[in-house]
Amino acid sequence: MKPYWIAATATAAVVALTALPGPARAEEAASASGTRVIEEITVTARRRAEVAQDVPLAISTIGGQQLEDTGTFNVYRLQTLQPSLQFFSSNPRNTAVNLRGIGAPFGLTNDGIEQGVGIYVDQVYYSRIAASTFDFLDVDQIEVLRGPQGTLYGKNTTSGALNITTRAPSFVPEGSAEVSSGSLGFVQARGALSGPLLDDRVAYRLVTSATRRDGLYENVTTTAAVNEIDNLGIRGQLLFVASERLDITLAGDFNRQDPECCALLHYDVAPTLRPANRQYESLAAASGYQPPSRDPYDRKLAADSELNANQKFGGASLRAEWNLDAGTVTSVTAWRYWDWGPSNDRDFTGLPITTVSANPSKQRQWTQEVRFATPGDRRVDYVAGLFAFRQTIESTGIQAQGSAASLWLLGPVNGANPALLDGLRQETAIDFENDSVALFGQATWNVTERFRVQPGLRVNYDTKNADYAAVASGGLDTADPVLIARKNSVLQSQAYVADFDDWNVSGDLNLSWRASDDILLYGLYARSFKSGGVNLSGIPNRADGTPALETAQVDPEAIDHYEIGAKTEWLDGRARLNLALFRTEIQDYQATVVSGAIGVLRGYLANAEEVRTQGVEADFRIQPTDSLHVYVNAAYTDAVYESFDNAPPPLELSGGAVQFVDISGKRLPGVSKWAFSYGAEYARPISAGGARGEGFLAVDGNYRTEWSSNPSPSEYMWVDGYGLINVRGGFRSDGNWSVGLWIRNAFDKDYVDFLAVQPGSTGLIVAQVGEPRTYGLSVNVSF
């Protein structure tokens, strides 16, 4: 057991044993008649505190208690509660978070573009999407905002945002500790302490979380269990009450992951346009190779390269809130870093084809945001702000080929000499700088007590500068131009400089009408944009071997977004139904294109002419009795390429003369047409071991229909729809503790997270399959 695990578990145990009696678990709100109603939720989606049902936006809120009750400790699990949210991750760097089917290109991450879904923690923008793979730390609530958010948020977000708020320091001493243990070696220990340091002037909050789980797959090459979880997070806050009007919060956090990860499993083999002797079955036979299993749910693989997904992520922020008679001035200053040290097996076999594949990165970011918000009770209110952002990334990639590379990448004829590619390597050095500044604001004109007009405006400037240099060396030392050309077809030297800068003006208009005390209707239009970018993973070469510099820059996306919605309450506050109908049209959509070059492991970015996503969302919650809570969330999403006539070929058309295909009218990858989440909890007062409290039994589930796991739809790359059910039950005391049993994936459903293909158009399809049934026990103590 690692030292920090011993410390984290011991700390949680000490806190649990020394806990003093404290307040009971929060109750639901009560109506005038004394019956319980659904609790009103306060959100800050529009940069001021408001009741969620009064905000004319498609927004879903998940409280910290629900996150803890359902075992939702990261964004991967959050998608099971939010059907409009999609999350894909082959490793932390290659992660995508999408809303309504859009946000980031499907496939391997390219650092030279923006994410369409912004992640904000305590008002600090996290530019690295890898942050979504870390555990949540002491979260008070998460607001999932759908649709463009550029006129209220510092960094422009075209698809939506995850607005995460952590628990604030308290001047009343308090603390909590939770320990969970389960199957697959799952252990999670979390603790929090808060209280005053200097009377009513200074308060602190310190939290920690450590999560460990054994690997899901067996690597038969090393006998190790891989794709494990090994997370550690620490966060601290100091609140300074400088005066009755000025609060200053200093926060810092450190997060580390160090799992043996991330491998993919043999899933299937499809035909391609390669000659038969260059397709998977023939190449495997020629190599005397068989995968450990052709059934991915055996969870066996052979990886002969080191697997590692080490990353460190953290930073510091200073937030000042100055309350004036005219409004509130907020300043948020932050610095963050991300260090990524991976090692991958990118040929997905136990053969020495690609022996090294790693792209270590070091990212630093600085942000400054200043906002002024009026109180929200005037005829005309507004929020206005200035945002500045700077980011630097340094990457040093390495790819090396082994003794089997000549056969697998060139075929049995051109690759007859194993020494041709054995030892061939490419080392890359990438320097990237990104600066951005924006003025943004939104006004609210209360035309009447029930009708509001809310226009918003954003003026944005972005500049990106990249220096890419790749140097190839090794392999057979030869002067034969034919052999040199074969080596260069796999890995070659390349260098280029790419620059982008652009001004953009965008805005939105929101009209809302309070039809009755229980019904809010709204409609909005937004003209938004996603900044252009630069390719940082190499670009295609021309016939003369020089870089095709016209592909080094990616044009901005232009977005037209339309939405109407309704927020309603029924049965005297016991039921709530929110609906949204949306359509988003995107010109010059930033898509991943896979080069036809044999040895290319990464795609590059290009613009699809037009993409459209439209659909309907419904969030329903009801409390028919004081003991029973039920929720159902649904999303229908129709996301297609309206026009993309130069898309990369799908797997079955790759490896031959077909270089581009027309996929206009085809579905976007990664998004199901239908997705649902649902749950219910039943709780009754009981006594257990002399303690009074409530016993509870709950079920939570989610379902999604089939979806494409390839940028260009392929008949072999569709992931079947599936549904998962989780069950939990236990006892919550009226004092300060609770205990619960839980089962995730209760019916042990086999399902796929995503599919990918082996480089070289061999036809091999690999998969990441989801967790099997797991079960465990959680104990929580608060004081």
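Colleague: What covers the buried residues of α5?

Modeller: The cover includes α4 (280–286), β25 (380–401) and α6 (481–490). Contact here means heavy atoms within 4.5 Å. Buried means under 20% relative accessible area, exposed is over 50%, and partly exposed is in between (1.4 Å probe, protein chains only). Helices (H or I, at least four residues) and strands (E, at least two) are DSSP runs, numbered from the N terminus.

Colleague: And what should I keep in mind about the model itself?

Modeller: It is a predicted model, where local features need pLDDT of at least 70 and side-chain atom pairs count only at pLDDT 80 or more, while totals for chains, interfaces and linings use all residues. Residues are numbered from 1 along each chain as its sequence is written, and side-chain values use heavy atoms, with hydrogens and water left out.

Colleague: Thanks! Back to α5: how many of its ten residues are buried?

Modeller: Seven of them, so helix α5 (residues 405–414) is mostly covered. The buried ones are Ala405, Ser406, Leu407, Trp408, Leu409, Leu410 and Gly411.

Colleague: Let's switch to aspartate 138. Where is it?

Modeller: Aspartate 138 sits in the loop between β9 (124–126) and β10 (139–146).

Colleague: Is aspartate 138 buried or exposed?

Modeller: Aspartate 138 counts as buried, because its relative accessibility is 15%.

Colleague: Which side chain does aspartate 138 join in a polar contact?

Modeller: The partner is arginine 205, at 2.5 Å. A polar contact is a pair of N or O atoms within 3.5 Å; within protein, one must be able to donate a hydrogen and the other to accept it, and residues adjacent in sequence count only if both atoms are side-chain atoms. Leaving aside neighbours within four places in sequence, aspartate 138 is in contact with Thr166, Arg167, Ala192, Arg205 and Val207.

Colleague: Salt bridges next. How many are there?

Modeller: The count comes to 43. The rule is a side-chain nitrogen of Lys or Arg within 4 Å of a carboxyl oxygen of Asp or Glu.

Colleague: What does glutamate 771 pair with?

Modeller: Glutamate 771 meets arginine 77 in a salt bridge, 3.6 Å from N to O. Glutamate 771 lies in the loop between β43 and β44 (774–782) and arginine 77 in helix α3 (residues 75–78), so the pair ties together parts 694 residues apart in sequence. Glutamate 771 is buried at 13% relative accessible area, and arginine 77 is buried at 9%.

Colleague: And glutamate 642, what is its partner?

Modeller: That would be arginine 612, also in a salt bridge with 3.6 Å from N to O. Glutamate 642 is in strand β35 (residues 628–643) and arginine 612 in strand β34 (residues 604–625), so this pair ties together parts that are 30 residues apart in sequence. Glutamate 642 counts as partly exposed at 34%, whereas arginine 612 is buried at 10%.

Colleague: Which residues are linked in a network of salt bridges?

Modeller: Asp69, Glu681, Glu694, Asp700, Arg728 and Arg732 are.

Colleague: Asp700 makes me curious about the strands. What does aspartate 700 stand opposite?

Modeller: Asparagine 726 in β40. Strand β40 (residues 722–733) runs antiparallel to β37, with twelve bridges joining them. Two strands pair if DSSP finds at least two bridges between them. β37 (residues 691–704) also pairs with β36 (residues 674–688) in the antiparallel sense, over 14 bridges, and tyrosine 682 stands opposite leucine 697 there.

Colleague: How many residues are between the strands in the hairpin of β36 and β37?

Modeller: Two, and glycine 689 takes a positive phi near 60° in that hairpin.

Colleague: What about the open sheet, in what order do its three strands come?

Modeller: The order is β19-β43-β42, with antiparallel pairing. At the edges are β19 (265–269) and β42 (752–757), each pairing on one side only. β19 and β43 (residues 764–769) pair over four bridges, one of them putting valine 269 with leucine 764.

Colleague: Last one: how many disulfides does a search of the whole structure find?

Modeller: One, where a disulfide is a pair of cysteine sulfur atoms within 2.5 Å. Cysteine 261 is joined to cysteine 262, with 2.1 Å from S to S. The link is right-handed, with 100° about the S-S bond, and both cysteine 261 and cysteine 262 are buried.
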